Amino acid sequence: MFTGKRCTATKAWGEVLQKMGLEELLTPTQLSNKWDNLKRQYKELKTLPTGTDEGEAATWSWFPLMHEAFGSRPSMEPPVLMDSWVRGNEPTADVAPSGIGSSSSGAGATPCGQAIEE
C-alpha cells in the first residue's frame, strides 16, 4: 500500500478508509493529515526537554499506542548519538568544502567572529 512511490499515499489512505468504513466521514488527505498530527504530537511528547513535566505524555490517551508503533524506531531511539557542537579550543577536522570559511587573500570574516590563530 504505502510503497513510497509518487502519488501512492493518497490511494493507500483511501483503501484504509474503505476498510475501516469511514470513507463518508474523511477524505484520504484529511486522514493523512490526522496521522501526521498524531506522529508530530507523539514526537513532541517523547522528546520533551530535560526537566519538563512528563505528565502530559502519560495523560495523552494515544501515547501508549503511538509508542507501540513508533517507540523503538531508529528515528525515535537512535542507536548512536553524536555531538555536533564545536567547542572553544578543541581541534576540529577541516570538513568545509573548498572555498567555504577560507579566503585566498586572507581577508574576510571568520565563522562566529572568532579570530584566526596563526
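Biologist: In this model, is Trp-60 buried or exposed?
Modeller: The model is predicted, and residues count as buried under 20% relative accessible area. Trp-60 sits in the loop between helix H3 (55–59) and H4. Its relative accessible area is 18%, so Trp-60 is buried.

Biologist: Which residues does Trp-60 touch, not counting residues up to four places away in sequence?
Modeller: Take Gln-41 to begin with. It is 19 residues from Trp-60 in sequence and 9.5 Å from it in space, C-alpha to C-alpha. Leaving out residues up to four places away in sequence, Trp-60 touches Leu-38, Gln-41, Tyr-42, Leu-45 and Met-66.

Biologist: Which residues make up the largest nonpolar core?
Modeller: Trp-60 is one of its members. H2 and H4 are the elements that give two or more residues to this core. The core has six residues in all: Tyr-42, Leu-45, Trp-60, Phe-63, Met-66 and Phe-70.

Biologist: Which element gives the largest share of this core?
Modeller: The core includes Phe-63, Met-66 and Phe-70. Those are the buried residues of helix H4 (residues 63–70). The largest share, three residues, comes from H4.

Biologist: Why do the buried residues of H4 line one face of the helix?
Modeller: The residues in question are Phe-63, Met-66 and Phe-70. Look down the axis of H4: its buried residues line one face because they fall within an arc of 65°.

Biologist: Which exposed residues does H4 carry on the face turned away from its buried side?
Modeller: The buried side holds Phe-63, Met-66 and Phe-70. The face turned away from it carries exposed residues, Pro-64 and Glu-68.

Biologist: How are H2 and H4 oriented to each other?
Modeller: Two packed helices are described by the angle between their axes and the distance between the axes. For helix H2 (residues 28–46) and H4, the axes come within 10 Å and cross at roughly 90°. The two helices are therefore roughly perpendicular.

Biologist: How many nonpolar, polar and charged residues does the contact of H2 with H4 have?
Modeller: H2 brings Trp-35, Leu-38, Lys-39, Tyr-42, Leu-45 and Lys-46. H4 brings Phe-63, Met-66, His-67 and Phe-70. By class, the contact has seven nonpolar, one polar and two charged residues.

Biologist: How is H1 oriented to H2?
Modeller: The axes of helix H1 (residues 9–20) and H2 come within 8 Å. They cross at roughly 90°. That makes H1 roughly perpendicular to H2.

Biologist: How do the residues of the contact of H1 with H2 divide into nonpolar, polar and charged?
Modeller: From H1 come Thr-10, Trp-13, Gly-14, Val-16 and Leu-17. From H2 come Pro-28, Leu-31, Ser-32 and Trp-35. They divide into six nonpolar, three polar and no charged.

Biologist: What is the relative accessible area of Leu-17?
Modeller: Leu-17 lies in helix H1. Not counting residues up to four places away in sequence, Leu-17 touches Leu-22, Glu-23, Leu-26, Thr-27, Pro-28 and Leu-31. Leu-17 is buried, and its relative accessible area is 2%.

Biologist: How far apart in space are Leu-17 and Pro-28, C-alpha to C-alpha?
Modeller: The two residues touch. They are 11 residues apart in sequence. In space, C-alpha to C-alpha, the distance is 7.2 Å.

Biologist: What percentage of the residues of the protein chain count as buried?
Modeller: The chain has four helices and zero strands. From the N terminus on, its elements run α-α-α-α. Of its 118 residues, the share that counts as buried is 12%.

Terms used:
Residues numbered from 1 in each chain as written. Predicted model: local features only at pLDDT ≥ 70, side-chain atom pairs only at ≥ 80, totals over all residues. Heavy atoms only, no water. Buried < 20%, exposed > 50% of the residue type's maximum accessible area, 1.4 Å probe, protein only. Arc of directions from axis to C-beta. Axes fitted to C-alpha atoms, helices over the stretch in contact; angles between N-to-C directions. Parallel < 35°, antiparallel > 145°, perpendicular 65-115°, else oblique. Contact = heavy atoms within 4.5 Å. Nonpolar A, V, L, I, M, F, W, Y, C, P; charged D, E, K, R; others polar. Core = buried A, V, L, I, M, F, W, Y, C linked by side-chain atoms within 4.5 Å.
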